[in-house]
Amino acid sequence: MQISDLLQPKNIWLEAETQLGIATSQLSMAQTEAAPVRSDATFLGLFVPSLHWRHIINPEYRHRPVKEYLLQDLPKVDINATNASEIDEISCCFIIVTNTTGDYVGHIIKDRPFLPLAPGPDTALTTAIIDSLPIGTIAMDLKETVVYANDAVLKTTGLTRRDLIGLPISDTLFRKKLSTIPAGADCEIVVINGKTLMATCSKIKIQGNSCGTVAVFQNISRADNLPSGLELEAMKNIAVEFSAIFENSYDGIYITDGEGNTLRVNQAYERITGLNRKNLLGKNMKEIVAKGLLNESITFKIRKSRVPLTISQKIHGGKEILVSGTPVFDEKGELSRVVSNVRDMTELNNFRRQLKKSQERASQYEYEVKNLRASQWVRTQLVYGSKKMEETIDLALQVARVDSTVLVNGESGTGKEIIANIIHRQSQRAETGSFIKINCGAIPGPLLESELFGYEEGAFTGAKKQGKPGMFELANNGTLFLDEIADLPQELQVKLLRVLQFKEIIRVGGVKTQKINIRLITATSKNLDELMAKGEFRTDLYYRLKVVPITVPPLRERPDDILPLTAFYLNRFNKQYNYSKGLSKDAQEVLVTHKWPGNVRELVNLVERLVVTTRGNVITTDDLPTSISRQKDQLTKIAPHTAGSLQEILDAVEKETLVRAFREHGSSRKVASALKISQTSAMRKARKHKLVFKKGWAE
């Protein structure tokens with residue numbers, strides 16, 4: 001053994017002028033028996049409070065400097081030159097250890113004889129009184145080393161003073177430090193040499209300073225040591241019941257005191273963690289974590305927070321457990337216990353996976369129900385029968401589930417606003433915000449900016465005193481629909497691009513930016529590609545808006561929708577004006593062949609006009625406007641040459657019209673412009689009727 005192994009921990013240094021009372025308090029807080037004293041970094045001697053209790057407890061001396069109470073001229077040994085075995089030959093209790101230059105590096109306390117708390121002529125009487133007590137009594141210093149044991153302890157435990165004096169109490173009577181046992185009313189049960197003892201501990205204090213601990217023991221192995229046999233029986237029953245509940249709990253239970261010392265561990269904890277309770281009982285959680293048995297301690301987290309906590313804990317071997325800790329406080333509000341409930345995360349993870357599957361299944365069901373409701377709502381609110389319109393509606397419903405920007409293309413009157421409304425109504429934003437719409441072509445440029453972005457007080461002449469929120473603010477958490485986006489002025493196109501990039505706006509006349517959360521849907525009846533080529537529409541804005549394009553086909557390209565729409569609006573206006581009018585078959589055939597340049601809007605207006613102007617209850621071709629009824633003659637001319645159904649007649653008319661148009665104009669682009677259809681539609685119809693170019697368009 002080396003000299004360095006015998007050195008006392010250097011907890012504190014004392015200055016020579018430190019007052020006696022303050023110095024004693026500092027040693028008590030540091031839990032040390034002696035401390036070096038220095039002056040200007042020069043070692044003067046050791047201060048040992050236990051040698052000066054009469055002065056320490058006397059108020060007249062407590063303010064005197066500690067340098068007057070030093071142990072000086074103590075034997076010195078060189079830390080490098082002296083063998084540890086030579087220490088036994090030195091008779092002094094306190095030995096100073098120096099380095100090769102003679103400087104103080106530490107000290108050794110060779111013996112710890114019991115030093116009475118108040119030395120004096122009555123010491124022998126005091127010792128005799130304590131030895132005469134029938135209850136075992138042990139006194140310990142600040143390090144919980146036994147310095148005194150009365151005769152009753154020796155008789156009760158069967159130990160000798162040599163087995164106790166000078167040794168830590170945790171190595172003799174307890175498997176843990178006394179500081180882990182609550183003082184006062186709480187008791188600790190220990191078993192020594194087959195005898196069951198009840199121990200109660202108390203701090204020894206003089207003038208408010210702690211100088212040690214006293215523990216008293218009572219043998220409770222026999223019933224006559226208790227106040228009554230009934231109380232013993234009750235205590236036994238409670239103990240048995242508690243132990244049975246504790247050990248048979250399905251969850252692991254781990255109990256520590258307020259300092260983190262392990263008190264109890266049940267069988268379930270061993271089963272779940274694979275740790276043996278023998279390696280845990282009496283051990284402090286810091287030691288258990290340091291050994292790697294656990295990665296962290298919930299006890300110390302609760303000591304800091306003083307509230308129940310739940311953490312995920314990893315144990316030796318990589319297994320993961322869930323630990324829920326609950327603090328228990330005594331009557332003084334001090335933390336006395338931490339009870340931890342432990343569950344195997346493997347089982348919980350299985351439950352979690354099952355729950356996740358159930359949630360995913362529920363989400364899928366919710367999604368399907370929502371789609372079914374959306375489909376039912378669309379069918380009750382919208383009238384269509386063509387394949388093209390069904391595809392358009394399906395795309396709108398699909399896009400409604402996300403927040404992507406949508407550009408709706410289509411001729412005037414095709415129902416672009418209805419498509420935008422469907423997207424909003426079937427999205428999550430229908431629950432969090434509003435559907436705000438504005439026509440960019442209906443408002444002058446300077447006024448449109450204030451309508452879109454709002455304005456601050458005094459932004460311009462005539463502005464409201466309190467300012468006004470714009471459409472972007474009103475649509476926050478909802479959907480903003482900008483119709484006729486092609487008519488948006490160039491200067492506002494730049495500001496709209498910034499809104500899409502940064503999700504923020506600045507009011508007219510304002511300086512502060514405001515974050516917004518909107519879903520933008522735009523619509524136009526113009527060809528944005530041509531406008532970009534002319535420089536009238538920004539290319540970067542176009543591609544920002546055209547994330548998801550939706551094209552609403554004109555009514556002439558979906559003839560299957562004409563009669564259902566006509567019947568729907570005919571019924572509406574009959575109810576509105578209290579009529580009961582219907583359409584003749586000839587009139588229906590004429591309406592189907594009409595090109596409907598005004599699309600659905602034209603059809604609605606025509607049906608309302610026919611309902612309110614015709615005299616009879618049956619609307620015939622004679623009641624139709626001249627521009628529409630004129631097609632009846634063309635149909636009559638074609639009919640004799642085309643036998644078959646109405647659709648076959650319509651196909652023949654379409655084919656004849658295409659042949660004439662291609663022969664007259666020569667190219668698909670010019671044909672599309674003349675017939676007011678897209679170039680793609682012109683080519684698709686040409687392929688449908690198998691038209692080929694052979695020195696001029698023909699069959």
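Arg-519 is buried (under 20% relative accessible area, with over 50% called exposed and anything in between partly exposed, using a 1.4 Å probe and protein chains only), yet Arg-519 has no salt bridge. A salt bridge here needs a side-chain nitrogen of Lys or Arg within 4 Å of a carboxyl oxygen of Asp or Glu. The nearest side chain of opposite charge, Asp-403, is 4.4 Å away; Lys and Arg count as positive, Asp and Glu as negative, and His and the chain ends are not counted.

This is a predicted model, where local features need pLDDT of at least 70, side-chain atom pairs count only at pLDDT 80 or more, and totals for chains, interfaces and linings use all residues. Residues are numbered from 1 along each chain as its sequence is written, and side-chain values use heavy atoms, with hydrogens and water left out.

Back to Arg-519, which sits in strand 23 (residues 519-524); helices (H or I, at least four residues) and strands (E, at least two) are DSSP runs numbered from the N terminus. A polar atom of the Arg-519 side chain lies 3.1 Å from the backbone oxygen of Val-399. Leaving aside neighbours within four places in sequence, the contacts of Arg-519 (heavy atoms within 4.5 Å) include Asp-403, Ser-404, Arg-429 and Leu-480.

Leu-480 also turns up in the largest nonpolar core, which has 31 residues. Such a core is a set of buried Ala, Val, Leu, Ile, Met, Phe, Trp, Tyr and Cys residues joined through side-chain atoms within 4.5 Å. Leu-452, Phe-472, Leu-480, Leu-482, Ile-485 and Phe-537 touch the most other members. Elements giving two or more residues include strand 20 (479-483) and helix 14 (445-453), while helix 16 has the largest share, with five. Ile-485 touches Phe-537, Leu-496 and Leu-545, among others, not counting residues up to four places away in sequence.

As for salt bridges, the count comes to 25. Here are three of them:

| Pair | Closest N and O atoms |
|---|---|
| Glu-287 and Lys-291 | 3.4 Å |
| Arg-507 and Glu-456 | 3.9 Å |
| Lys-685 and Glu-654 | 2.9 Å |

Arg-507 lies in the loop between strand 21 (504-506) and strand 22 (513-515), and Glu-456 in the loop between helix 14 and helix 15, so their bridge ties together parts 51 residues apart in sequence. Arg-507 is buried at 17% relative accessible area, whereas Glu-456 is partly exposed at 32%.

Lys-685 in helix 25 (residues 679-688) and Glu-654 in helix 23 (residues 646-665) are 31 residues apart.

Key: A polar contact is a pair of N or O atoms within 3.5 Å; within protein, one must be able to donate a hydrogen and the other to accept it, and residues adjacent in sequence count only if both atoms are side-chain atoms.
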